[in-house]
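Here are some notes to go with the structure you asked about. Please read them with the model open beside you.

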Amino acid sequence: MICKARKWESLWFEMPTRNEVKRYFITNKFAKEEGEVFYYCLRIKSWRWESGEHIGDWKAAADIWMWNLEN
């Protein structure tokens with residue numbers, strides 16, 4: 001069962017590359033270094049929210065990250 005669940009999760013989430021994340025941060029007027037911090041923090045967490053659920057949309061997670069930086 002667990003193997004099937006992990007296989008299914010890999011179908012709906014495509015982990016971004018470090019460069020994709022950096023470009024997204026630059027596009028949103030943030031430093032590329034902040035994009036790298038975001039990338040490595042979430043990579044260490046296996047791209048999961050604090051609740052343990054997989055992040056389905058990494059751009060939404062990045063938007064939350066950037067919002068938190070500004071507020």
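1. Lys22 sits in helix 2. In this predicted model, Lys22 has a relative accessibility of 15% and therefore counts as buried, since the cut-off for that label is under 20%. Leaving aside residues up to four places away in sequence, Lys22 touches Lys32 and Glu36.

2. Those two contacts belong to the meeting of helix 2 with helix 3. On the side of helix 2 (residues 18-27), the residues involved are Arg18, Val21, Lys22, Phe25 and Ile26. On the side of helix 3 (residues 32-44), they are Lys32, Glu34, Gly35, Glu36, Phe38, Tyr39 and Tyr40.

3. How do helix 2 and helix 3 lie relative to each other? Their axes come within 8 Å and cross at roughly 135°. An angle over 145 degrees would count as roughly antiparallel, and 65 to 115 as roughly perpendicular; helix 2 and helix 3 are therefore oblique to each other. The crossing of helix 2 and helix 3 is right-handed.

4. Helix 2 also meets helix 4 (residues 58-70), and the axes of these two come within 11 Å, crossing at roughly 45°. Helix 2 and helix 4 are therefore oblique to each other, and their crossing is right-handed. Helix 2 contributes Glu20, Val21, Tyr24 and Phe25 to this meeting, while helix 4 contributes Trp58, Lys59, Ala62, Asp63, Trp65 and Met66.

5. Helix 3 and helix 4 form another pair, with axes that come within 11 Å and cross at roughly 120°. The two are therefore oblique to each other, and the crossing is right-handed. Here Glu34, Val37, Phe38, Cys41 and Leu42 in helix 3 meet Trp58, Ala61, Ala62, Trp65 and Leu69 in helix 4.

6. Which residues does Trp65 touch, not counting residues up to four places away in sequence? They are Phe25, Glu34, Val37, Phe38 and Cys41. Trp65 is placed in helix 4. Trp65 and Glu34 are 31 residues apart in sequence, and their C-alpha atoms are 9.6 Å apart in space.

7. Next come the aromatic rings. Rings count as a pair if their centres lie within 6.5 Å, and by this rule there are seven aromatic pairs. In the pair of Phe25 and Phe30, the ring centres are 6.3 Å apart and the planes stand at 80°, so this pair is edge-to-face. Both Phe25 and Phe30 are buried.

8. Phe25 also pairs with Phe38: the ring centres are 5.4 Å apart and the planes are at 45°, so this pair is tilted. The pair links distant parts of the chain, as Phe25 is in helix 2 and Phe38 is in helix 3, 13 residues apart. Phe25 has 0% relative accessibility and so counts as buried. Phe38 is likewise buried, with a relative accessible area of 0%.

9. Which residues do the ring pairs link into a cluster? The members are Phe25, Phe30, Phe38, Tyr39, Tyr40, Trp47 and Trp65. Trp47 lies in the loop between helix 3 and helix 4. It is buried, with a relative accessible area of 3%.

10. Most residues other than glycine have a negative phi. Trp47, however, has a phi near 55°, a positive value in a residue other than glycine. Ser46 has a positive phi too, near 60°, and is not a glycine. Ser46 is placed in the loop between helix 3 and helix 4. Is Ser46 buried or partly exposed? It is partly exposed, with a relative accessible area of 42%.

11. Last, the confidence of the prediction. The chain averages a pLDDT of 86, and 82% of the residues score at least 70.

How values were computed:
Residues numbered from 1 in each chain as written. Predicted model: local features only at pLDDT ≥ 70, side-chain atom pairs only at ≥ 80, totals over all residues. Heavy atoms only, no water. Phe/Tyr/Trp six-rings, centres within 6.5 Å; stacked < 30°, edge-to-face > 60°. Buried < 20%, exposed > 50% of the residue type's maximum accessible area, 1.4 Å probe, protein only. Helix = DSSP H or I, 4+ residues; strand = E, 2+ residues; numbered from the N terminus. pLDDT = per-residue confidence, 0-100. Axes fitted to C-alpha atoms, helices over the stretch in contact; angles between N-to-C directions. Parallel < 35°, antiparallel > 145°, perpendicular 65-115°, else oblique. Left-handed = near helix turned anticlockwise from the far one by under 90°. Contact = heavy atoms within 4.5 Å.
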